[in-house]
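Please keep the sequence and the coordinates in view while reading.

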Amino acid sequence: MEDTKIALVQMQATFGDIRKNLTTMESFIKEAAINEVDIICFPEMCIQGYGRQMPDHLLETLEGEAVCYLKELAYKNNITILAGMAERNQGNKPFITQVVIKPGQNVDYYRKTHLGTSEQPYYQAGNSIEHFVTDKAILGIQICWDTHFPEVTTMLSLQGAEIIFTPHASPTIVGDRKAIWLKYLAARAYDNSVFVATCNLVGDDGNGRQFCGGSMIIDPKGNVLAEDFGGKQSMLVKVLDCSKINAIRERKSSSMANSFFLASRRPEIYKGLMD
């Protein structure tokens, strides 16, 4: 990994107003480009706004107008964009998808593999855990509810992921987002020696939902590097120093402080996890 500057956007997405949401995203992308950001991450389903029952006319495809618009912005601003949407799944329930748009390259994507109970009647779960290689770092994605399954983070780390982005669409009624995240996201980072970078929708979506917002970056030792819980639309920018994670991953240090715990796994005795 090389030092990587990332931006996390807590965004107020208006449900059903794709053009307005893309305009908001464009503003943040341009601001990030001025700050020489390498990767910008937007929340879960930010393109359409989050909703359990997504009208058919709002569904997007990987080749659709919204993704093509973001693809052009990625190229013009020389920035990798992670953006969430409800993806059309011909003849079936849609996917909750986070697209990964690297400048001048084909669009990659991750489809949410673990759906919340309230999402399961309306969406189709993805079946693949993917990592993505950029010029400076290897990325993984876990979307909201996915983060409650530590096996996913472990698989991504074993695939080489160094930064796990965790876009959310968590409503205000859930409670104190910072306290909740600290219960488990710090453990995901520490146990798997990865950076965890998370962001959430914020504010009124115009469709009766309120989102509590929040963005946070945690280092591979479980320490909070940066956070923003101001309760309004904003962008959190931070350079991720690669020295610690490289020392851990390359295992050149004899210090226990630089242990890569996953190197000592014993998968032969974990077979019960598969039952």
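The model is a predicted one.

In soluble globular proteins, nonpolar side chains tend to be buried together. The largest nonpolar core of this model has 67 residues, and those with the most contacts inside it are Met 25, Ile 40, Phe 42, Ile 47, Leu 70, Ile 81 and Phe 165. Helix H1, residues 18–34, supplies the largest share of this core, namely six residues. Another core lies apart from it; this one has 13 residues, among them Val 152, Ala 161, Val 196 and Ile 218. Leaving aside residues up to four places away in sequence, Ile 81 touches Ile 29, Ile 40, Phe 42, Leu 70, Leu 73, Ala 74, Val 99, Val 100 and Ile 101.

Met 11 is placed in the loop between strand S1 (4–10) and H1. Met 11 counts as buried because its relative accessible area is 0%. Beyond residues up to four places away in sequence, its contacts are Asn 21, Thr 24, Met 25, Phe 42, Pro 43, Cys 46, Asn 200, Leu 201, Val 202 and Gln 233. Ser 157 belongs to helix H3, residues 150–158. Its relative accessibility is 3%, so Ser 157 is classed as buried. With residues up to four places away in sequence again set aside, Ser 157 touches Asn 192, Val 194, Arg 249, Phe 260 and Leu 262.

Asp 228 is found in strand S13, residues 224–228. Between Asp 228 and Leu 8 there are 220 residues of sequence separation, yet their C-alpha atoms are 9.6 Å apart. Not counting residues up to four places away in sequence, Asp 228 touches Gln 10, Gly 214, Ser 215, Ser 234 and Leu 236.

Asn 78, which is not a glycine, has a positive phi of about 50°. Asn 78 lies in the loop between helix H2 (65–77) and strand S3 (80–87). Its relative accessibility is 59%, and Asn 78 therefore counts as exposed. Cys 144 likewise has a positive phi, near 50°, in a residue other than glycine. The loop that holds Cys 144 runs between strand S7 (138–141) and H3. Cys 144 is buried, with a relative accessible area of 13%.

How many disulfides does the model contain? The count comes to zero. Cys 199 illustrates the point: the closest cysteine sulfur, in Cys 41, lies 4.1 Å from the sulfur of Cys 199, which is too far for a bond, because a disulfide requires two cysteine sulfur atoms within 2.5 Å. Cys 199 is buried, at 1% relative accessibility. Cys 242 is also buried, at 14% relative accessibility.

Side chains of opposite charge can pair when their charged atoms come close. The whole structure contains 10 salt bridges. One of them joins Lys 136 and Asp 38, at 3.3 Å from N to O. Lys 136 lies in the loop between strand S6 (131–133) and S7, and Asp 38 in the loop between H1 and strand S2 (39–41), so this pair ties together parts that are 98 residues apart in sequence. Lys 136 is partly exposed at 30% relative accessible area, and Asp 38 is partly exposed at 22%. Arg 88 and Asp 56 also meet in a salt bridge, at 2.8 Å from N to O. This pair links distant parts of the chain, with Arg 88 in the loop between S3 and strand S4 (95–101) and Asp 56 in the loop between S2 and H2, 32 residues apart. In the salt bridge of Arg 266 with Glu 268, the closest N and O atoms are 3.0 Å apart.

Tyr 270 counts as partly exposed, at 34% relative accessibility.

Definitions and conventions
Residues numbered from 1 in each chain as written. Predicted model: local features only at pLDDT ≥ 70, side-chain atom pairs only at ≥ 80, totals over all residues. Heavy atoms only, no water. Helix = DSSP H or I, 4+ residues; strand = E, 2+ residues; numbered from the N terminus. Buried < 20%, exposed > 50% of the residue type's maximum accessible area, 1.4 Å probe, protein only. Contact = heavy atoms within 4.5 Å. Core = buried A, V, L, I, M, F, W, Y, C linked by side-chain atoms within 4.5 Å. Salt bridge = Lys/Arg side-chain N within 4 Å of Asp/Glu carboxyl O.
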